[in-house]
Amino acid sequence: MLKGKRILLAVTGSIAAYKSAMLIRLFIKEGAEVRVIMTEMAKNFITPLTMATLSKNPILVDFYNPENGDWNSHVSLGLWADLYLIAPASANTLSKMAGGIADNLLLTTYLSAKCPVAVAPAMDLDMYRHPATQASLSLLRERGVHVIEPASGELASGLDGKGRMEEPEEILHQVDELFERKATLAGRKVIITAGPTREPIDPVRFISNYSSGKMGYSLAESFAGRGADVVLVSGPVSLNPGNPRIRRINVETAVQMKDAVISNVDNADIAVLCAAVADYAPETVASSKIKRKQSDMTLNLVPNPDIAAELGKIKKKGMITVGFALETDNELENARQKLKRKNLDAIVLNSLKDEGAGFAHDTNRVTIISSCGDVVEGVLKRKEEVASDIVDYVEKLLLCSRD
Ligand code: CTP
C-alpha cells in the first residue's frame with residue numbers, strides 16, 4: 001500500500017527518536033519515499049546523519065540551509081507529502097500544533113499541510129495524562145489529525161504507564177490503514193447533520209439540548225478522510241472541521257436544517273442524520289424580550305419537521321440513509337420502529353444507560369441496526385473510532401446496494 005507514497009516524517013526531541021530511524025527503514029522497505037524534518041532538540045537524541053542516510057534525503061531543520069541559503073519551503077513540503085507524520089510527537093510540539101504556533105519548520109509545515117496528518121505522541125505518563133496534553137490531543141483530533149495512541153509500559157523515566165511511543169511496526173500498520181482508507185469513498189457525496197438545533201423564544205432565549213456535535217463532526221472527518229465530499233449541516237457547536245473536503249453549512253433551527261439538507265441532497269450517495277433536532281419549536285417568536293410577570297406562563301409549541309423522515313420519502317434508489325436513536329427505555333424496539341418509520345437503511349442506537357456514552361462525552365457505545373436485520377453491537381470507544389466503525393458499515397451497505 002505504501003509503494004510510491006511520499007511520507008514526510010517529523011521528529012521531535014524525545015528518547016523515542018531512535019524508533020523513527022527504524023520507522024524510516026520500514027517505510028523505505030515498503031517502497032515509500034521519505035523526507036525528514038527534525039527539530040533542534042531532536043538532533044540531541046539521534047544524529048541527522050543517521051536519518052539522512054536511512055531516508056536517502058537531506059535532513060530539514062531550519063527554514064533555510066545556512067550553508068548555501070537554499071530555502072526549505074514549508075508550503076512545498078506540505079504539498080509534496082501524501083502523509084505528514086510527526087513521530088515522536090512531544091507534549092511541547094502537540095500543544096504548539098493545537099495552539100497554531102509557528103516557530104519552527106515542523107510547525108509551519110503542519111499549518112500549511114494539505115495532506116492527512118498523523119501524530120505518534122511520546123512522553124512521560126504524567127505529561128501524557130495532564131489535562132493540557134489531553135486538551136491538545138482532542139483539539140487536534142477534532143481537526144482531523146490521526147492520533148497513534150501511545151502504548152503502556154516502561155518509560156525512559158523508569159516509571160510504568162501510558163506514554164511510550166507506539167512500536168514502529170504498529171505505526172506502519174496504522175499508516176497503511178490510513179492510506180488504504182483514504183480513497184475508498186472518493187467521488188461519493190455525503191450529507192451529515194450534526195449538533196443541536198436552537199428554536200428561538202424571543203431575541204435572547206431559545207429551546208435546545210446538550211448535543212456537542214462531536215459524533216457528527218467525527219463522522220464528517222471520517223468520511224472526508226476516505227475521500228468523500230462532505231456537506232456538514234451543523235447546528236451551533238464550538239467545533240471546526242479540519243478536512244478541506246468538508247463544506248459546512250451553519251444553521252440554527254430545525255426548519256433551516258431541513259431546508260439546507262433538502263437543497264443539498266441532489267446526487268448525494270449517503271446521508272447521516274446525526275443532529276439532535278428539537279422536536280418542537282415555539283409557535284411564535286416574540287420580537288422583544290419577554291418580561292417577567294407574577295403569573296404562570298405558557299409557551300405554545302408546534303412540531304418541527306422530521307428531517308430524516310422527509311428524506312426517507314424522497315430518497316433516490318441506491319442512496320443510503322443512516323439515523324441515530326438516543327433512547328432511555330426499550331432501546332432496541334424503539335430504534336427498530338424509528339428505522340422503519342423514517343425509511344432508513346440503518347440506525348445507530350445510543351443508550352443513555354451506558355456510562356460514558358451519549359451527549360458531551362468523548363466516548364460512545366453504539367449498536368448498529370440495519371433494515372436487513374443486522375444488529376452489530378459495539379464496545380465503548382472514542383467517538384473518532386465509533387465514527388470509523390459506522391463509516392465501515394456504510395461502505396458495506398453501499399456494496400450491498402450495488403449488488
Ligand atoms: N431527526 C430528524 N428530525 C427531527 C427529529 C429527529 O432528522 N425533527 C433524526 C435524528 O437526527 C436521528 C433520528 O431522526 O437521526 C432519530 O431522532 P430521535 O430524536 O431519536 O427521534 P424522534 O423521531 O425525535 O423520536 P423521539 O424523540 O420520540 O424519540
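Visitor: Which backbone oxygen does the side chain of S20 reach?
Guide: This is a predicted model, in which local features need pLDDT of at least 70, side-chain atom pairs count only at pLDDT 80 or more, and totals for chains, interfaces and linings use all residues. Residues are numbered from 1 along each chain as its sequence is written, and side-chain values use heavy atoms, with hydrogens and water left out. S20 lies in helix α1, residues 17-29. At 2.9 Å, its side chain reaches the backbone oxygen of A87.

Visitor: Is S20 buried or exposed?
Guide: Buried means under 20% relative accessible area, exposed over 50%, partly exposed in between (1.4 Å probe, protein chains only). The relative accessibility of S20 is 0%, so S20 counts as buried.

Visitor: How far is an oxygen atom of the ligand from a polar backbone atom of L273?
Guide: The residues closest to the ligand are L273, A275, F324, K338 and K342. A backbone N or O atom of A275 lies 2.7 Å from a ligand oxygen, and for a polar backbone atom of F324 the distance is 2.8 Å. For L273, the distance is 2.6 Å.

Visitor: Which element gives the largest share of the shell around the ligand?
Guide: At least two shell residues each come from α11 (307-314), β16 (320-327) and α12 (331-341). By class, the shell has nine nonpolar, one polar and five charged residues; Ala, Val, Leu, Ile, Met, Phe, Trp, Tyr, Cys and Pro count as nonpolar, Asp, Glu, Lys and Arg as charged, and the others, Gly among them, as polar. The largest share, four residues, comes from β16.

How values were computed. A residue is near a molecule or strand if one of its heavy atoms lies within 4 Å of it. A polar contact is a pair of N or O atoms within 3.5 Å; within protein, one must be able to donate a hydrogen and the other to accept it, and residues adjacent in sequence count only if both atoms are side-chain atoms.
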